[in-house]
Amino acid sequence: MKRALVLLTEQYADWELSYVAAELSMSHSFKIDTVSLEEPTVTSIGQIKTIIDYTIEQISEPYDALIVIGGNNWPSIESEQLVQLIKSSLDKGIVVGAICGAVDFLARNSLLSGFKHTGNDLNTWTTDDKFKQYTNSIDFVNEDSVIDKNLVTANGSSAVDFAFNVIQALGLLDEREAEKNKYFYKSGYVAYKLKYGEIG
């Protein structure tokens, strides 16, 4: 059984977690462990309380994916441990997924260098002094979610695209099947049936 670490912060965006966690679980290939910066319990924007499996400093076993979920607190989060966890994962070829404010964290810490990527607001990244370490705006792609090598990024409105791009990056679905699944969740059953026929 492979292992996915899902990093959640206080005030995390629960809707950004829902699709990717469900798809990883339903693949029957992944065990999901939740990780926080230091809190034993975190509460989502929707007031869902989550008991955390590990803090960052407790991670010891190997893992096959690192998923970093957005939320309201990312503008104030500074964590060298998290920087090193993400950098090490990218360097080792482990699939890293980041969505919404989590991508802002990667941009602030020069972790998007060498990757095509997307995010919430390129203008902020290129004008705000907090993002002075972000130097590869040429690699920004104006799409909802982007896969490049082992990095998946998405803006905050794109939980479905993010989920299936992570699943695709992990080799659990090919591009065609991933696109079909995105269409189902974004357009609904009726539209899917008209385009693709019956499910299954």
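Predicted model: local features only at pLDDT ≥ 70, side-chain atom pairs only at ≥ 80, totals over all residues.
Is E179 buried, exposed or partly exposed? With a relative accessible area of 37%, E179 is partly exposed, because the buried class ends under 20% and the exposed class begins over 50%. Along the chain, 15 residues separate E179 from F164, and their C-alpha atoms are 7.8 Å apart. F164 itself is among the buried residues of helix α5. The paragraphs below begin with the sheet and then turn to the helices, the loops and the surface.

The sheet is open and consists of seven strands, arranged in the order β5-β2-β1-β6-β7-β9-β8, with mixed pairing. Its edge strands are β5, residues 54–55, and β8, residues 145–148, each of which pairs on one side only. Helix α1, residues 14–26, packs on this sheet and touches β1 (2–7), β2 (30–36), β6 and β7. The direction of α1 makes about 145 degrees with that of β2.

Two pairs of strands illustrate the mixed pairing of this sheet. Strands β8 and β9 are joined in the antiparallel sense over four bridges. Within that pair, S145 has A154 of β9 as its bridge partner. Strands β6 and β7, by contrast, run parallel and are joined by four bridges. Here A65 has V95 of β7 as its bridge partner.

Five of its five residues are buried, so the strand is largely enclosed by the rest of the structure. In a regular strand, side chains alternate between the two faces of the sheet. In β7, V95, G97 and I99 point one way, while V96 and A98 point the other way. The residues of both groups are buried.

C100 has a positive phi of about 60 degrees, although it is not a glycine. C100 counts as buried because its relative accessibility is 17%, and buried means under 20%.

Helix α3, residues 101–108, is mostly covered, with eight of its eight residues buried. These are G101, A102, V103, D104, F105, L106, A107 and R108. Their cover includes the strands β6 (65–68), β7 (95–99) and β9 (151–154), together with the helices α2 (80–91) and α4 (122–127). Just after α3, S110 takes a positive phi of about 60 degrees.

Helix α5, residues 159–169, lies across β6, β7, β8 and β9. It runs at about 15 degrees to β8. Why is α5 described as largely enclosed by the rest of the structure? The reason is that nine of its 11 residues are buried. The buried residues of α5 are A159, V160, D161, F162, A163, F164, N165, V166 and I167. What covers them includes the strands β6, β7, β8 and β9 as well as the helices α1 and α6, the latter comprising residues 175–187. Just after α5 comes G171, which takes a positive phi of about 80 degrees.

Q11 is found in the loop between β1 and α1, and S44 has its place in the loop between β3 (41–43) and β4 (49–51). When residues up to four places away in sequence are not counted, S44 touches Q11, Y12 and D14. S44 counts as buried because its relative accessibility is 0%. Q11, at 23% relative accessibility, counts as partly exposed, because this value falls between the limits of 20% and 50%. Q11 also has a positive phi, near 65 degrees, in a residue other than glycine.

The last stop is the surface. Y189, V190, L194 and I199 make a nonpolar surface patch of about 440 Å². L194 lies in helix α7, residues 189–196. With a relative accessible area of 73%, L194 is exposed, because that class requires over 50%. The residues discussed here thus include buried S44, partly exposed E179 and exposed L194.

Methods:
Residues numbered from 1 in each chain as written. Heavy atoms only, no water. Buried < 20%, exposed > 50% of the residue type's maximum accessible area, 1.4 Å probe, protein only. Contact = heavy atoms within 4.5 Å. Pairing = 2+ DSSP bridges. Axes fitted to C-alpha atoms, helices over the stretch in contact; angles between N-to-C directions. Patch = residues over 30% accessible without salt bridge, like charges linked within 9 Å, V, L, I, M, F, W, Y side chains within 5 Å. Areas by Shrake-Rupley, 256 points an atom, 1.4 Å probe, with all protein chains shown as cover. Salt bridge = Lys/Arg side-chain N within 4 Å of Asp/Glu carboxyl O.
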